[in-house]
Amino acid sequence: VPDIFEISVTALRAFQTALSVTSNNIANANTPGYARERIDLTAAPPQADGAASVGSGVVVTAISRAYSQATVDQLNSSQGALGQLNSLQNYTNQIDNLFGTTVGGVSTALQGFYNAWSDVANNPTSTASRQALLGKAQSLSASFQNTSAQLNALNADVNARIGADVTQINTIATSIAKLNQQIVVAKGQDGGFPPNELLDQRDTLVSNLSQLVGVTTSTDSNGALNVFVGNGQPLVLQAVTTALTTVPNSFNSAQLEVSSAALNGNVISGSLNSGDLGGLLAARGHAIDPAINQLGQIATALSGAVNAQQNAGLNLNGQLGGNLYSIAAPAAVASSKNTGTAAATVNVIDTGALTSSDYLLSFKAGAYALTRVGDGANVPLTGSGSAANPFVAVGLSIVLTGASANGDQILIRPTAGAAATFKTVLVDPSQLAAAGAVQSTTAGTNTGSATIGVASVLDATNPNLLVPTSIQFTSPTTYSINGAGSFAYAAGSNISLNGWQVQISGVPATGDSFSVKTNAGSAGDNRNALLFSNQRSLGVLAGGTVSIGGAVGALLTGAGSLAQQVNTAQTAQAAINSQAQQNFQSVSGVNLDEEAASLLQWQNAYQASAKALQIGSTLFQTLLTAVHG
Amino acid sequence: MIMRVTQSLNQSQFLTALNQIESRLSQTQNQITTNLNFTTAAQNPVAAGLVNNYNQTLTQSTQYDTNGNSAHTNLAIEDSALSQVQTQLQSLRDLALQANNGSLSPDARSAIAAQVVQIQSGILAAANTQNGSGEYIFAGNATLSSPFVATASGAAYTGDQGQREVQIAAGQSVATGDNGDSVFNRIKTGNGTFAATAGISNGGTGIFGATSVTDPAGYDGGTYAINFTAPNSYEVRDSNNLLISSGTFSSGQSIGFRGIQLTLNGQPASGDSFSVAPSANQSVFATVQNLVSALQNALGTPAAQALLNNSIGYAINNIDQALNQISNVRSAVGGRLNSITAEQSLSGSQQIQLQQSISNLQSLDYAKAITTLTEQNTTLSASMQAYALTKGLTLFKYL
């Protein structure tokens with residue numbers, strides 16, 4: 001028969017433990033990842049004592065954690081999403097701040113540049129206005145370079161942080177694997193009693209991990225936790241860690257991608273879309289690279305348009321103008337995994353058809369195909385890829401040398417390097433081509449009323465552009481060119497030759513003559529400068545529908561909208577995360593008032609048990625007195 | 001189910017809320033200090049794009065004003081040069097009329113010739129006018145060298161036929177000058193349709209009076225000779241020596257053929273010849289030089305006097321043509337000046353409109369911002385107070 005002493009002693013021990021559990025809860029009220037603990041008490045079974053049976057006190061069956069796997073999973077997944085948005089937001093906001101309201105000064109510099117051409121048009125022979133124009137041209141190219149350099153710095157930052165994140169993920173994974181080992185052992189030793197502190201630690205690590213990279217978990221029957229990233233790529237299985245690794249992008253060795261030790265260099269970056277790491281990859285793919293490419297597209301179009309106009313006019317020395325800007329040709333990089341020897345040389349041939357996308361040229365089953373990076377859309381190619389008949393698509397000409405093996409790929413980035421390499425190459429202000437290339441003249445001896453219009457340049461590359469030409473009327477309705485041929489005259493219609501075009505209108509008399517010749521010597525001519533200042537409103541991008549200034553505005557609005565969108569998503573996710581946090585705390589958090597009440601409860605119980613012991617003792621004394629008495 | 005709330009959650013939620021309120025407060029503060037609704041595109045992407053576009057249009061419009069001012073300066077210089085030329089041509093015409101008087105002494109005539117030479121160089125100087133940047137305004141586009149160089153027969157033009165334009169509004173350009181070739185060289189001789197001249201070796205005293213075109217469709221632009229077969233009879237022959245018409249003549253009579261008519265005074269001698277040719281281009285300098293040469297010829301016979309009178313008459317015709325030309329160019333210049341002024345006043349109101357639009361989008365509504373600031377301030381102090389009130393609430397206090 002269990003006596004009152006035995007029963008009271010089990011109670012005293014149990015309540016002492018309970019007080020310890022409560023104190024431990026209070027002590028860990030602010031410990032991150034700590035799940036409050038509860039003592040589980042059971043009445044000890046009675047020992048057989050005839051017909052009546054009395055229990056034998058109280059037993060502590062377990063000290064268990066207040067824990068809900070569903071709540072923890074929800075919190076981890078919301079933390080992953082928030083981590084992704086936080087790191088993405090960091091970059092979209094940096095781009096937004098970098099762009100300000102002028103795309104890093106590009107918009108202002110562009111206005112300055114075209115206004116300076118107007119000033120030169122007002123005063124074509126003034127060295128001062130030409131020098132000022134050259135300064136504006138340089139600030140314009142510098143604004144592109146600076147903005148692009150800052151965007152590239154963001155990419156470098158992304159690379160560094162990918163490396164840091166992967167290191168941290170591996171450290172955490174290793175710790176989880178070690179804890180798995182200890183938990184399995186502890187569970188075995190304690191006969192199934194949960195090792196609460198180890199579980200708390202492991203949960204904290206998984207929570208930290210989920211902020212770095214989205215994870216999914218599963219628990220084995222022995223208590224070990226398996227952790228997976230991306231599309232089920234194992235990170236921790238039981239006590240084994242499969243570390244994540246960083247590998248250089250096969251097309252761009254300066255760009256880090258994420259792989260896994262088990263994957264032999266295969267890249268899993270694409271499937272990582274949660275946590276800080278997911279945010280970094282998203283920032284690079286959706287914010288930074290597109291901004292660099294779009295800026296490059298604008299730079300390419302600007303450089304192309306400005307150089308073409310320079311080449312179509314005469315400089316102060318009476319020569320056709322040379323290029324004002326230079327820009328690197330599009331990058332075409334063969335994958336480091338290619339087994340063939342093929343290399344591509346890519347040039348921009350039509351800035352209107354050019355896009356800001358990257359393209360993948362792949363060789364499969366004996367044929368080349370071009371697909372757009374991002375959505376994988378197929379882009380039709382014309383030509384054969386030879387120097388004589390290059391592939392032509394999206395404003396690019398692609399010439400291949402060497403031989404491709406099946407499965408080889410070449411990444412073409414038409415505009416990625418453009419803004420960074422955008423340079424002013426003209427240094428002498430007299431080399432700015434403000435004058436039109438050709439001039440038309442009416443002979444002083446003409447007696448007819450016909451007049452010749454201003455000669456304009458159609459094709460500045462024509463080698464005979466500046467060769468003098470005379471148009472002589474052999475009758476009021478026919479004319480010869482340089483004394484040869486007989487052409488019918490129609491008043492006001494175009495006469496084109498050697499890359500120029502001119503109109504003669506009115507009634508010519510027989511013997512009247514007109515000439516078109518080089519404009520050299522006419523330093524005061526400003527026709528080309530006027531064409532330059534008109535260029536600002538001219539559509540040169542997107543098939544000739546978008547002006548350069550318009551494209552800069554679109555880039556600004558695009559980056560601003562993205563930042564705004566990410567900000568909104570981040571605010572919403574923060575609210576969701578706060579709710580998940582609240583749910584988790586509601587289940588597992590320590591409420592001090594609750595613990596205070598528990599303290600009182602256990603203290604009272606302890607005092608009552610002590611009283612029972614005292615009464616037991618008194619009863620025993622009574623018995624002793626009676627026996628001795 | 002009642003949500004269990006824990007002290008640490010309370011704490012962290014309070015801190016998060018505090019951060020949010022303070023960040024919004026700082027944004028409002030930033031708006032007020034910069035007086036801008038947004039400082040980056042993320043705060044209002046659409047407005048930022050619009051403001052960017054408006055700013056582009058605004059700078060362009062301002063540049064158009066600058067262009068207009070520059071054109072205005074050049075045109076004003078041109079107008080003043082042309083007004084000088086006009087004055088000189090007027091004096092020249094007066095001198096020619098004086099010289100036409102038969103009773104003038106040789107000294108007086110050579111004095112007039114000297115004055116004409118003076119005027120010649122005055123017009124030349126005006127034609128070589130430079131603008132503030134040292135460019136020759138009548139050189140077309142070859143503005144770096146002086147366009148007119150004096151020669152024995154007047155002046156040679158070394159400029160080109162270009163005409164500089166500047167843009168003063170979207171799609172509207174205005175010429176900032178006129179080339180010297182079109183202003184001073186391309187002046188039609190005679191009456192603008194044809195020019196009548198007397199043969200140098202004429203022995204009679206036939207002097208041209210008024211010439212006119214009676215039927216513009218009738219004149220074919222050909223060259224004709226009026227030959228006097230006798231002092232009182234003439235015949236008109238074309239360039240192929242075919243007889244066109246003939247008639248008898250007495251002083252003051254009009255001779256008409258092929259849609260044109262000319263009056264001849266005095267008495268031509270038999271064998272005298274007068275020619276009619278289509279008007280050609282002649283520079284104002286050649287006209288003046290011809291007048292000087294005519295004035296320097298010795299007189300003494302009635303025939304020589306008649307030749308002088310004919311030359312002066314021809315010169316006066318040509319001077320009138322030149323005056324007409326200069327006056328036309330001046331009205332064109334005036335028209336351009338007007339359109340610049342009109343365009344600038346238009347662009348002025350456009351700029352105000354644009355600034356208004358930019359301000360509407362970008363400038364801060366102070367009343368609203370201050371209200372927001374006050375609200376945020378209230379929220380901040382209220383949440384601080386709430387925190388202070390609840391943080392002391394613990395059961396332990398009562399144990």
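Predicted model: local features only at pLDDT ≥ 70, side-chain atom pairs only at ≥ 80, totals over all residues.
**Chain A overall**
- Chain A contains nine helices and 31 strands.
- With a radius of gyration of 41 Å, well over the 25 Å that the globule rule gives for 629 residues, chain A is more spread out than a compact globule.
- Along the principal axes, the C-alpha atoms of chain A fill a box of roughly 165 × 50 × 35 Å.
- Buried residues account for 48% of the 629 in chain A.
- Taking the contacts in chain A with a separation of 6 or more, 70% are between residues 24 or more positions apart.

**Chain B overall**
- Chain B has seven helices and 14 strands.
- The radius of gyration of chain B is 41 Å, while a compact globule of 399 residues would have one near 21 Å.
- A box of roughly 150 × 45 × 30 Å, taken along the principal axes, holds the C-alpha atoms of chain B.
- Of the 399 residues in chain B, 42% are buried.
- Contacts between residues at least 24 apart make up 68% of those in chain B that join residues at least 6 apart in sequence.
- Chain B exposes about 18,500 Å², of which carbon and sulfur atoms supply 53%.
- In chain B, the mean positions of the 14 positive and 20 negative charges lie 18 Å apart.

**Helix 7 of chain A and its cover**
- Helix 7 of chain A spans residues 527–534 and is mostly covered, with six of its eight residues buried.

- Strand 3 of chain B is itself largely enclosed by the rest of the structure, because four of its five residues are buried.
- Strand 3 of chain B runs antiparallel to strand 4 (residues 172–175) of chain B, and four bridges join them.
- Within this pairing, V166(B) stands opposite V174(B) in strand 4 of chain B.
- The two strands of chain B form a hairpin with two residues between them, and G171(B) in the turn has a positive phi of about 75°.

**Strand 13 of chain B and its partners**
- Strand 13 (residues 273–278) of chain B pairs in the antiparallel sense with strand 6 (residues 194–198) of chain B over five bridges.
- In that pairing, A196(B) has V276(B) as its bridge partner in strand 13 of chain B.
- Strand 8 (residues 224–230) of chain B also runs antiparallel to strand 13 of chain B, with four bridges joining them.
- Here N227(B) stands opposite S273(B) in strand 13 of chain B.

**N146(A) in helix 4 of chain A**
- N146(A) belongs to helix 4 (residues 127–189) of chain A.
- The relative accessible area of N146(A) is 46%, so it is partly exposed.
- Although 40 residues apart along the chain, N146(A) and V106(A) have C-alpha atoms separated by 9.4 Å.

Note on methods:
Residues numbered from 1 in each chain as written. Chains lettered and ligands numbered in written order. Heavy atoms only, no water. Rg over C-alpha atoms; globule rule 2.2 N^0.38 Å. Buried < 20%, exposed > 50% of the residue type's maximum accessible area, 1.4 Å probe, protein only. Contact = heavy atoms within 4.5 Å. Areas by Shrake-Rupley, 256 points an atom, 1.4 Å probe, with all protein chains shown as cover. Lys, Arg positive; Asp, Glu negative; His and termini not counted. Charge placed at Lys NZ, Arg CZ, Asp CG, Glu CD. Pairing = 2+ DSSP bridges.
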